[in-house]
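Open the model in a viewer and keep the sequence panel beside it. The stops below say what to select next and what is there.

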Amino acid sequence: MVSDGEKAFRFGVNLVRPGSRDEWVAKCRRVEELGYHVLSVADHLGIAPPFPALVLAGAVTERVRLNTFVLNAPFYRPSLLAREVAGTDQFVSGRLELGLGAGYVKEEFEAAGMPFPGAGARVDHLELTIKELARLYADPEYAPKPAQPGGPPLMIGGRGDRLLSLAAEHAATIAFSGMAKVRDGAPLMLATADAVEERTRFVTERLAGRDAEFNLLVQLVQVTEDREGALREIHARLSDSMTLDELAEIPTVLVGTVEEIAEQLVAHRSRFGFSYFTVLEPNLETLAPVVELLCRR
């Protein structure tokens with residue numbers, strides 16, 4: 001059931017495991033079969049290259065939307081990226097959604113033989129990319145033309161003030177990391193619910209009435225009859241200082257029965273504005289009964 005003013009749920013899966021062509025085809029079809037709305041591909045070294053992976057996914061599915069979650073914008077020159085995006089959108093019949101981020105894994109820049117710019121410089125490049133794609137796709141002479149006029153819908157993902165301000169200005173979908181603020185290049189940590197709410201409120205204020213979808217990347221899904229016991233076990237494994245009570249209310253960890261998780265998602269939509277949830281590939285099958293329950297209401 002969708003209440004007045006609330007967006008309908010969308011669910012996505014971020015595929016992160018490399019494999020053979022046959023394995024890729026099978027899991028892409030499984031994503032669609034299970035009722036997910038979006039099939040996403042991450043942009044990290046050591047896994048499938050995003051654009052070929054999405055073109056193949058488009059060839060073996062019919063309905064599911066296809067998304068980069070999210071491209072490391074500093075790895076790409078904007079004019080070359082524009083060509084890749086437009087061609088991919090054509091080859092997947094206009095099902096592409098373009099996710100962009102500023103990049104955060106220092107070791108990947110080093111492995112690619114690239115300097116790791118400061119956070120400000122990486123966001124500068126992201127802003128340049130966003131504006132250059134918009135400029136190129138607005139040119140009636142631009143080729144190859146994307147299948148969707150003006151280019152695919154834009155998702156921008158991250159957590160910093162300037163990046164989220166860019167997202168509020170330009171993105172159809174704003175992807176919140178659900179991570180705490182850490183030193184640039186340091187390992188990521190889960191944010192508390194209050195910290196996530198502060199970020200969504202920050203963006204809502206900057207949207208100034210403009211409509212945008214809020215996405216969250218869920219880190220863990222566990223279906224269990226013993227929610228309290230499972231949370232205690234998860235808490236014991238975490239190395240940060242989050243309390244058990246704080247863990248119980250964060251939106252990036254979903255624990256309980258199928259019905260309890262469904263209610264958690266409804267509550268997160270109400271509190272934070274999240275209507276689009278993405279899970280990591282290992283949680284593909286785990287969340288599927290929740291997707292079925294919520295999407296048939």
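Buried means under 20% relative accessible area, exposed means over 50%, and partly exposed lies in between (1.4 Å probe, protein chains only). This is a predicted model, in which local features need pLDDT of at least 70 and side-chain atom pairs count only at pLDDT 80 or more, while totals for chains, interfaces and linings use all residues. Residues are numbered from 1 along each chain as its sequence is written, and side-chain values use heavy atoms, with hydrogens and water left out.

**The whole chain**

Colour by secondary structure. Along the principal axes, the C-alpha atoms fill a box of roughly 60 × 40 × 40 Å. Of the contacts between residues at least 6 apart in sequence, 76% join residues at least 24 apart; contact means heavy atoms within 4.5 Å.

**Helices H1 and H2**

Two packed helices are described by the angle between their axes and the distance between the axes. Select residues 21–33 for H1 and 50–60 for H2; their axes come within 9 Å and cross at roughly 60°. That makes H1 oblique to H2. Axes are lines fitted to C-alpha atoms, for helices over the stretch in contact, and angles run from 0 to 180 degrees between N-to-C directions. Angles under 35 degrees count as roughly parallel, over 145 as roughly antiparallel, 65 to 115 as roughly perpendicular and the rest as oblique.

H1 passes H2 in a right-handed crossing. A crossing is right-handed if the near helix is turned clockwise from the far one by less than a right angle, and left-handed if anticlockwise. Show side chains for Arg21, Trp24, Val25, Cys28 and Arg29 of H1 and for Ala53, Leu56, Ala57 and Val60 of H2, which make the contact. By class, this contact has 7 nonpolar, no polar and 2 charged residues. Ala, Val, Leu, Ile, Met, Phe, Trp, Tyr, Cys and Pro count as nonpolar, Asp, Glu, Lys and Arg as charged, and the others, Gly among them, as polar.

**Helices H3 and H5**

Next select 78–91 (H3) and 119–138 (H5), whose axes come within 9 Å and cross at roughly 55°. H3 is therefore oblique to H5, and the crossing is right-handed. On the H3 side, the contact includes Leu81, Ala82 and Val85; on the H5 side, residues including Leu128, Glu132 and Leu136 take part. The contact has 9 nonpolar, 3 polar and 1 charged residues.

**Helix H8**

Select 227–237. The buried residues of H8 are Gly229, Ala230, Leu231 and Ile234. They pack against strand E9 (220–223), helix H9 (244–249) and strand E10 (253–256).

Go to Leu216 in strand E8 (residues 213–218). Is Leu216 buried or exposed? Leu216 is buried, with a relative accessible area of 0%. Beyond its neighbours within four places in sequence, Leu216 is in contact with residues including Phe176, Pro251, Phe274 and Tyr276.

Then pick Thr173 in strand E7 (residues 173–176). Thr173 is buried, at 7% relative accessible area. Leaving aside neighbours within four places in sequence, the contacts of Thr173 include Arg10, Ile156, Glu213 and Tyr276.

**Backbone exceptions**

Most residues other than glycine have a negative phi, and most peptide bonds are trans. The bond from Phe69 to Val70 is cis, with omega near -25°; Val70 lies in the loop between strand E3 (65–68) and strand E4 (71–72). Ala143 and Pro144 are also joined by a cis peptide bond, with omega about 0°.

Ser93, which is not a glycine, has a positive phi of about 60°. Ser93 is in the loop between H3 and strand E5 (96–101), and at 64% relative accessibility counts as exposed. End at Ala208, where phi is near 50°, in the loop between helix H7 (193–207) and E8.

Conventions: Helices (H or I, at least four residues) and strands (E, at least two) are DSSP runs, numbered from the N terminus.
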